[in-house]
Amino acid sequence: MVSGSDCSQAEVADLVFGLTKALDNLMRGSGEAKLLSRRELERLRWSAAGKSSDEIAIILSLSGHTVTAYLKTAMKKLDVKTRVQAVVMAYRLKLL
């Protein structure tokens, strides 16, 4: 196993992205997975990892406004008012 200090930030981001894609493939058959888009789930996963909208924007090469828009859409679909509630609800629904 490689320690975190042996990997660059880009390598870690690539690894996390690959794992995220693998999880998405596992959830495709789930009815709840259809509730949120792949992009909304990806932004929620980064939020669950403790990243801010600006950090997620840098990681995904997007604007902070785009990230916030996806998170707001996910919050609306999950019928919650905050990002933390969205992450918790996604966990409860086994989306994350």
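Student: How many salt bridges does the count come to here?

Tutor: A salt bridge is a side-chain nitrogen of Lys or Arg within 4 Å of a carboxyl oxygen of Asp or Glu. By that rule, the count is two. Bear in mind that this is a predicted model, where local features need pLDDT of at least 70, side-chain atom pairs count only at pLDDT 80 or more, and totals for chains, interfaces and linings use all residues. Residues are numbered from 1 along each chain as its sequence is written, and side-chain values use heavy atoms, with hydrogens and water left out.

Student: Which residue does K77 form a salt bridge with?

Tutor: With E40; their closest N and O atoms are 3.1 Å apart. K77 sits in helix α4 and E40 in helix α2, so the pair ties together parts 37 residues apart in sequence. Helices here are DSSP runs (H or I, at least four residues), numbered from the N terminus.

Student: Is E40 buried or exposed?

Tutor: Buried means under 20% relative accessible area, exposed over 50%, partly exposed in between (1.4 Å probe, protein chains only). E40 is buried at 4%, while K77, at 40%, is partly exposed.

Student: What about E42?

Tutor: E42 pairs with R43, the closest N and O atoms being 2.8 Å apart. E42 is buried at 7%, and R43 is buried at 5%.

Student: Which residues touch the most other members of the largest nonpolar core?

Tutor: Such a core is a set of buried Ala, Val, Leu, Ile, Met, Phe, Trp, Tyr and Cys residues joined through side-chain atoms within 4.5 Å. Among its 17 residues, they are L36, L44, L78 and A86. Helix α4 gives the largest share, five residues.

Technical notes
Helices (H or I, at least four residues) and strands (E, at least two) are DSSP runs, numbered from the N terminus.
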